[in-house]
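Here is a short note to go with your first look at this structure. Please keep the view open and follow the points in order.

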Amino acid sequence: MTTKATATDDSFHVFDTTLRDGAQREGINLTVADKLTIARHLDTFGVGYIEGGWPGANPRDTEFFARAQQEITFENAQLVAFGATRRAGGSAAEDPQVKALLKSGAPVITLVAKAHDRHVELALRTTLEENLEMVRDTVSHLREQGRRVFVDCEHFFDGYRANAEYAKSVVRTAYEAGAEVVILCDTNGGMLPAQVQAVVSTVVADTGARLGIHAQDDTGCAVANTLAAVDAGATHVQCTANGYGERVGNANLFPVVAALELKYGMKVLPDGALAEMTRISHAIAEVVNLTPSTHQPYVGVSAFAHKAGLHASAIKVDPDLYQHIDPELVGNTMRMLVSDMAGRASIELKGKELGIDLGDDRALVGRVVERVKERELQGYTYEAADASFELLLRGEVEGRARRYFRTESWRAIVENRPDGTHANEATVKLWAKGERIVATAEGNGPVNALDRALRVALERIYPQLAKLELVDYKVRILEGRTGTESTTRVLITTGDGTGDWATVGVAENVICPVGRWVRTNLGVKY
């Protein structure tokens, strides 16, 4: 494990704790391979410090540090091991947990220390004086062993409210013993920005220590609290990718870094790294197996999506009128959503986005607007089905709908067998390139059976369809008042290994929209 370069100077730290605190999110269970992959992504992004876990506390984290030494050459980050101060009544030099921190080989160690008097007495079951000695002894010992040391003051803000002088004494003790940064932790996540700013300002003035901030998001203010601490003098921010973390999560790395770079004008990443932010965010989401949040600031696919016709008209004149930054700065793109709110500007901008030249044909644009509104009244939705809208638009531009095959008929059968099992079978009859084809297939449910039957019928004539796969489909009942007779909308996502596209079908039952989708949408990319 080596570090070839440092992204920025030491005046400001971007510290990521996805692999430790972020991994505590419900639903995340990282393997060692996962942690190594995420560490590489974070290093590529350019964070200064990556907290890898607690060596000695569990075999997985111990293995991670051992493998990281052999398998990763860090370009920008330094790896950090997390642990606690020594036990009460002992010595840091003999503490097994402190020895495990040193054995990890990490050049930086973060110690968690109690800063709330009641936690010292009830959780550690020791005296306030002994807690300070535990901090002093552990920090000084690690420093003597050549390690850089950061100290997390756990429950600091709650402790400050209960006993401000004692909370500040923990900060002083850690800093005087050699800790480079003392981090004030809003462990319960209950603080608000004005409160954070006031406390951090006071602690900076009263202790003279270099301070950092670690904010949980239980009030929905973790990013704001982090920035408020920076305003008050903190020069170290602890965050997690995509805000992962225990309970509702931690301060989200990506909006914090984007705000520092784009709003505060601070250089905290290497050149060009910010433009990789959306890609890095989504890549990490894939590793942890969580769907990326579509509405996440800066990096969500909806972060720069515009639906209202009024917005589209303004954006056509100047995109900055309804966007706080150029989305390309963070590796994202502007998207126009087409719906029954669409006006002419929405259609023109969407056509440009799809590479379709509408020229100055106002009549054509007007027809498309009316067609969209008419179809959405029937239950179609084009803001979530760009591929279907592209087909509609091309049909109007070219004067006819594209047809690569014609469906004669189709049927899907679900058989309930006496033994309680089910059989699903679909038959498709269609015409393609002058040839009538009949195909039957079984599947895991009627939709899958219909998809397979269609493939059997078409792949001989259109072999490129073999690359396509049904990625996802969603069913929504549009008119709940009529029960099983309600209108049904199906959104289907298809992929070819390099990209996905979404299409829509609407009919009176769950199978009919799929059949209508078959007739109009399959193979839109080809």
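1. A definition to begin with: a residue is called buried when its relative accessible area is under 20%, exposed when it is over 50%, and partly exposed in between. Phe156 has a relative accessible area of 0%, so it is buried.

2. Please bear in mind that this is a predicted model. The chain has a mean pLDDT of 86, and 86% of its residues reach 70 or more. Over residues 1-7, however, the pLDDT is below 50. That stretch still has 26 contacts in the model beyond near neighbours in sequence.

3. Where do Phe156 and Tyr160 lie? Both belong to helix H6, which covers residues 156-162, and they are four residues apart, about one turn of the helix. Tyr160, at a relative accessible area of 17%, is under the 20% limit and therefore buried, and Phe156, at 0%, is buried as well.

4. Next, have a look at Tyr404 and Tyr462, an edge-to-face pair with 6.4 Å from centre to centre and 85° between the planes. Tyr404 is in the loop between helix H15 (386-398) and strand S13 (406-416), while Tyr462 is in the loop between helix H16 (446-458) and strand S16 (469-477). The pair therefore ties together parts that are 58 residues apart in sequence.

5. Are the two tyrosines of that pair buried or exposed? Tyr404 is partly exposed, because its relative accessibility of 37% falls between the 20% and 50% limits. Tyr462, at 13%, counts as buried.

6. Rings also come together in a cluster, where ring pairs link Phe15, Tyr49 and Phe150. Elsewhere, charges sit over rings: the charged end of Arg20 is over the ring of Phe82, 3.8 Å from its centre. Likewise, the charged end of Lys35 sits over the ring of Phe64, at 5.2 Å from the ring centre.

7. Arg20 and Phe82 turn up again at the second largest pocket, where they are among the lining residues nearest its centre, together with Asp21, Gln24 and Glu246. The lining has 25 residues, and the volume of this pocket is about 530 Å³. Helix H2 (59-71) and strand S7 (148-154) each contribute at least two residues to the lining.

Note on methods:
Residues are numbered from 1 along each chain as its sequence is written. This is a predicted model: local features need pLDDT of at least 70, side-chain atom pairs count only at pLDDT 80 or more; totals for chains, interfaces and linings use all residues. Side-chain values use heavy atoms; hydrogens and water are left out. pLDDT is the predictor's confidence in each residue, from 0 to 100. Contact means heavy atoms within 4.5 Å. Buried means under 20% relative accessible area, exposed over 50%, partly exposed in between (1.4 Å probe, protein chains only). Rings of Phe, Tyr and Trp (its six-membered ring) pair if their centres lie within 6.5 Å; planes under 30 degrees apart count as stacked, over 60 as edge-to-face and the rest as tilted. A charge sits over a ring if NZ of Lys or CZ of Arg is within 6 Å of the ring centre and within 35 degrees of the ring normal. On a 1 Å grid over the protein atoms alone, a cavity is a set of points where a 1.4 Å probe fits but cannot get out, and a pocket is an open set with protein on both sides within 12 Å along at least five of seven lines; lining residues have an atom within 4 Å of a point. Grid points are joined across faces, edges and corners, and a volume is the space filled by probe spheres set on the points.
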